[in-house]
2 protein chains.
Amino acid sequence: MKWIYIEEIANYKDQDVEIRGWVYNKRSSGKVRFILVRDGTGIIQATISSEKNDHPLFKKFDLLTQESSIILRGRVREDKRAPNGYELNIDHMEIIQIAKDYPITPKEHSTPFLMEHRHLWLRSKKQHAVLQIRAEIIKSIRDFFDGRGFLLMDTPVLTPSACEGTTTLFETKYFDQNAYLTQSGQLYNEATAMAFGKVYCFGPTFRAEKSKTRRHLMEFWMVEPEVAFAYLKDIIDLGEDLILNIIEQVIKNNQKQLDILERDTKPLENIKKPFPCIRYDDAVKLLKEKGSKIQWGDDFGSPEETLLSQIFDNPVCVTHFPAKIKAFYMQPDDERPDLVLGVDVIASEGYGEIIGGGQRIYDLKLLEQKIKEYNLPREAYEWYIDLRKYGTVPHSGFGLGIERTVAWICKLKHVRETIPFPRLLYKIYP
Amino acid sequence: MKWIYIEEIANYKDQDVEIRGWVYNKRSSGKVRFILVRDGTGIIQATISSEKNDHPLFKKFDLLTQESSIILRGRVREDKRAPNGYELNIDHMEIIQIAKDYPITPKEHSTPFLMEHRHLWLRSKKQHAVLQIRAEIIKSIRDFFDGRGFLLMDTPVLTPSACEGTTTLFETKYFDQNAYLTQSGQLYNEATAMAFGKVYCFGPTFRAEKSKTRRHLMEFWMVEPEVAFAYLKDIIDLGEDLILNIIEQVIKNNQKQLDILERDTKPLENIKKPFPCIRYDDAVKLLKEKGSKIQWGDDFGSPEETLLSQIFDNPVCVTHFPAKIKAFYMQPDDERPDLVLGVDVIASEGYGEIIGGGQRIYDLKLLEQKIKEYNLPREAYEWYIDLRKYGTVPHSGFGLGIERTVAWICKLKHVRETIPFPRLLYKIYP
């Protein structure tokens, strides 16, 4: 008999099929037994009807517990009353394993308990919805860049030098030298952008930050486009298009998951281009008016990002940051060289920064001077300096954090649910 | 004026456009100057014609060197004689930078020299072709799994325990404990497969092997599908479909790149399903007949893989390996418990293993026993053992190495050219 997945059930109306899966729930009603079976692609109601109380399938039914693994055979019936419009009238059940004392029951559990059992928690409905949306977001991002002629260029995780400071790096021995886990593929992207014009990298990045906030993971995925000959305004435009495309694709393809999460999508649907764009100077003023203690020259922390996020309905772009709070490679503003042509995009609804990027320094002398100023080891950056020697051009790019984007789109309180196995401060199990 | 990419040039016939790029080559012929300009998406011939030897654009032309960065404006003309059928008659040239002494000239360079200049070598035609094929292969793989209902589940790089032995691990401090860079997402895939039925992970993996062969990188990308309720034969079938799909997509979409690489695609086009499938026992016999010194019980090394690869026109599947040369989680054969239900797929034309996988142990007691036998720290595997407590089912999966696949499809001698910034023994720069 044909083994099918529950997501295909509508194609098999009135046919006999086999379903392989796990018991999600069960109940009895008179002479009928109902088993809710999940197979990872959906949940279907399997039914056993008999006039006889000692029907062999009733006996098997009695043994079933939550998450027991079973193989069922039966006929697919359309039934308006069934949870997804179809049910399976079974005449055969093979029990592979009766699960004993499955730790996650329908009752409420604490988050630390669920995180300890993350490998099992993944089986629950809400986690399913979040991770399905995550997969869709990733696919929509890749399709977006592939469709616009960007070439995927995987950048290395193991790097000999630090991109954004050394205090938050994971270090490892690389045979006879030290290596660090990448915090960003950007520097390498700049090399591939000079070769291919428009590129993106998309992989895991690492920050050994002693941060225990709802927005920080030690290991997180980031997509980073980089465009030769692009200026600040061009990549703001690109970032807006990317975000709008993510929203559009998720709303189009994940209505079911959004419903499970009870996500009101109106605030997302109302987002329009162009996003409000303010300079750091004005952002600081705005924040002070709203009661923040921020001083000009301070970097935004989570509270400032949240506050800014709440002022606007749209995501908001902040540009022209003080150079001293940003990385060495950022292009200074011609008129105000104490500022750099960077941009942070802060998501709406109280979610923080999801994009950071800007224009890169392309003048050889200026870059050499900055490397000195920031006390970076020049020999590790020789190849990066080369990019300014051999046909340097203005160029820009950004990084979008996947987990923060998923948290925002799903309206989750914490990023820890946006990746199958989150790496948190001190927490690396399971 | 509109800035366009060379790949779009055919849409702008007889229109004025702007091209931003780098000088690839130049030459003069009487009253015409030719500049081959690359912008990362293609190469176009720009022409300047004048009766006057002191034409201002001629003076600029004289300054141009290889890899100088320029912005050109002019009219797009169809011209059968031009390299790609179009040329640009320019009336404006802005020189951004004259590149001095670009290290990679059209003459031959040694591979160590080119590897030292990998950030610039990426600009050359052949490297372009390889990395464009790489991007297409990755896209074809993702589309293949997405199209078959597999859910992308990113597995962690930072792991508390080793999947395939501890001798070849990169280690790092994770706050108050040790962590290791993943060698495979498989164990985590097994958890997500129990939650979602059909999953795949796709990310960088790491092996600190002191191997200096043409098939080894310290950091390489791997795609790993895992399927609940699947047996050995099911995932061999899946692997065959995956490989055939990669070949089909690359031949369909990358003819230009394959031509640049002078890849004869006939051997790829002739590959059919099912691949020849032999047991380890028979593989050893075959190898011995061909003069190999292999003994039953030895693992295949590169020479054995190459030899096997040359016996068949198709890729070949080898199954039923001695348990003692394989990982602890492999399902023993019912009839011959000293063998495991693993499969290696060995690419054709002398290329080695590109797929390794098999059926996983799903019996709780057997897994517990194996963990003991292999001296693995049980506490690190508690979550993995849980998968056998709560609704265990037979399941199978495999990993396909991207760089080896790219090397095979492109028919390259060495995997180091299949990724933008390869990590080789002792080599982490640039």
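This briefing describes the overall build of chain A, its interface with chain B, and a few selected sites.

The model is predicted. For the complex, the predictor reports an ipTM of 0.97 and a pTM of 0.97. Chain A has a mean pLDDT of 95, with 99% of its residues at 70 or more. Between chain A and chain B about 8,000 Å² of area is buried, and a search over all chains finds 0 disulfides.

**Overall build of chain A**

- Chain A contains 13 helices and 16 strands.
- Along the principal axes, the C-alpha atoms of chain A fill a box of roughly 90 × 55 × 40 Å.
- Chain A is divided into two parts: domain 1 covers 2–97 and domain 2 covers 118–417.
- The centres of domain 1 and domain 2 of chain A, taken over C-alpha atoms, are 46 Å apart.
- Of the 430 residues in chain A, 62% are buried.

**Interface between chain A and chain B**

- On the chain A side, 106 residues are in contact with 107 residues of chain B.
- F175(A), F229(A) and Y390(A) supply 10% of the area that chain A buries against chain B, which is more than any other three residues.
- Carbon and sulfur atoms give 66% of the roughly 8,000 Å² buried between the two chains.
- The interface of chain A and chain B also holds 4 salt bridges.
- One salt bridge joins the side chains of R134(A) and D154(B), with an N to O distance of 2.7 Å.

- The closest cysteine sulfur to that of C317(A) belongs to C277(A), at 4.3 Å.
- A disulfide needs two cysteine sulfur atoms within 2.5 Å, so the sulfurs of C317(A) and C277(A) are too far apart for a bond.
- C317(A) has a relative accessibility of 0% and therefore counts as buried.
- In chain B, the sulfur of C317(B) has its closest cysteine sulfur in C277(B), and because the distance is 4.3 Å, this pair is also too far apart for a bond.
- C317(B) is buried, with a relative accessible area of 0%.

**Helix α13 of chain A**

- Helix α13 of chain A spans residues 402–410 and is mostly covered, with 8 of its 9 residues buried.
- The buried residues of α13(A) are I402(A), E403(A), T405(A), V406(A), A407(A), W408(A), I409(A) and C410(A).
- In an α-helix, residues three or four places apart point the same way, because there are 3.6 residues a turn.
- After α13(A) comes K411(A), which has a positive phi, near 55°.

**Q359(A) in strand β15**

- Q359(A) lies in strand β15 of chain A, which runs over residues 353–360.
- With a relative accessibility of 8%, Q359(A) counts as buried, because the cut-off for buried is under 20%.
- Apart from neighbours within four places in sequence, Q359(A) is in contact with A230(A), Y231(A) and L232(A), with Y329(A), M330(A) and Q331(A), and with L341(A), H395(A) and S396(A).

Methods
Residues numbered from 1 in each chain as written. Chains lettered and ligands numbered in written order. Predicted model: local features only at pLDDT ≥ 70, side-chain atom pairs only at ≥ 80, totals over all residues. Heavy atoms only, no water. Buried < 20%, exposed > 50% of the residue type's maximum accessible area, 1.4 Å probe, protein only. pLDDT = per-residue confidence, 0-100. Helix = DSSP H or I, 4+ residues; strand = E, 2+ residues; numbered from the N terminus. Domains from an automatic or database assignment. Contact = heavy atoms within 4.5 Å. Buried area = accessible area lost by both parts, 1.4 Å probe.
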